[in-house]
Amino acid sequence: RWQKIFMISLWSKMAVFWNKMFLTIIVLLIVLFLDAVREVRKYSAVQVNEKAANVNTNVFDHIQMKLFRSQRNLYLSGFSLFLWLVLRRTVTLLTQLAKGMTSHAALEAQVNDATEAAKKYMAENERLREALTEKGSSKNKESAEATDEELKKEVEHLKAELQETSSALRKANTEVTAIKKQSEGLKREYDRLMKEYGQLQDSLNEAEDKKDL
């Protein structure tokens, strides 16, 4: 389903634009995160100095408000940056998984076709052997032996193709399994991060409520 969505012509036309937009947002979030770190360090130092000097309460409260806002911006920009990278990785894994499943289905169809062809040639070989048994002519035997050799070569060739296709199918199954495991691990990590984000959001809301009081 996701592969069908990603293969819409509109998305393919906008792929270059979306990649540029992704990089732009990454740079913007990094800048916001670094700025928030700078603000936190700045107001933390100012808070210590003002507290030690026992300045006016209003000034101290104003510094506290600035520090709280800078810490909030730090959390928001940091989690936004990380979740944006997680989203990008999730989309990439979904695309790889869909392509792996498609190639897996194609390899299965190829293996089935090769198996059917091998069975067909083996059945023809058996019929020719029966015909040779009924006919005792040496000329027919030589001709049948030549045909039998050709059929044997063809069967060997088909067996080799079948073996190569089976190896490719096993490789595709291994890749699909690995991608599925990565997707499951990413999903668990994403759920854990969302839970932590919710807890931090609740703590920020409680801090704001206390601040308002």
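Buried residues are those under 20% relative accessible area, exposed ones are over 50%, and partly exposed ones lie in between, as computed with a 1.4 Å probe on protein chains only. This is a predicted model, in which local features need pLDDT of at least 70 and side-chain atom pairs count only at pLDDT 80 or more, while totals for chains, interfaces and linings use all residues. Residues are numbered from 1 along each chain as its sequence is written, and side-chain values use heavy atoms, with hydrogens and water left out.

**View 1. The protein chain as a whole.** Of the 213 residues of the protein chain, 19% count as buried. The chain has 5 helices and 0 strands, and its pattern along the sequence reads α-α-α-α-α; helices (H or I, at least four residues) and strands (E, at least two) are DSSP runs, numbered from the N terminus. Among contacts (heavy atoms within 4.5 Å) between residues at least 6 apart in sequence, 81% join residues at least 24 apart.

View 2. The UniProt annotation "transmembrane region", from an unreviewed entry, covers residues 74-91; UniProt positions are given in the numbering used here, feature names are shortened, and annotations may be inferred rather than shown by experiment. Over residues 74-91 the chain is 100% helix and 0% strand, with the end C-alpha atoms 26 Å apart.

**View 3. The largest cavity.** A search of the whole structure finds 1 cavity of 30 Å³ or more, and the volume of the largest cavity is about 30 Å³. On a 1 Å grid over the protein atoms alone, a cavity is a set of points where a 1.4 Å probe fits but cannot get out, whereas a pocket is an open set with protein on both sides within 12 Å along at least five of seven lines, and lining residues have an atom within 4 Å of a point. Grid points are joined across faces, edges and corners, and a volume is the space filled by probe spheres set on the points. The lining of the largest cavity consists of Tyr75, Leu76, Phe79, Tyr197, Leu200, Gln201 and Leu204. The elements that give two or more residues to this lining are α4 (57-134) and α5 (138-212), and α5 gives the most, with 4 residues. By class, this lining has 6 nonpolar, 1 polar and no charged residues, where Ala, Val, Leu, Ile, Met, Phe, Trp, Tyr, Cys and Pro count as nonpolar, Asp, Glu, Lys and Arg as charged, and the others, Gly among them, as polar.

**View 4. The largest nonpolar core.** A nonpolar core is a set of buried Ala, Val, Leu, Ile, Met, Phe, Trp, Tyr and Cys residues joined through side-chain atoms within 4.5 Å. The largest one is made up of 5 residues, Leu83, Val86, Leu93, Leu186 and Leu193. Both α4 and α5 supply at least two residues each, and α4 gives the most, with 3 residues. Leaving aside neighbours within four places in sequence, leucine 83 is in contact with Tyr190, Leu193 and Met194.

**View 5. The second largest pocket.** This pocket has a volume of about 220 Å³, and its lining includes Leu83, Thr90, Ser183, Lys187 and Tyr190. α4 gives the most to the lining, with 6 residues, which divides overall into 7 nonpolar, 2 polar and 1 charged.

**View 6. Threonine 165.** Threonine 165 lies in helix α5 and counts as buried because its relative accessibility is 7%. Leaving aside neighbours within four places in sequence, threonine 165 is in contact with Leu107, Gln110 and Val111.
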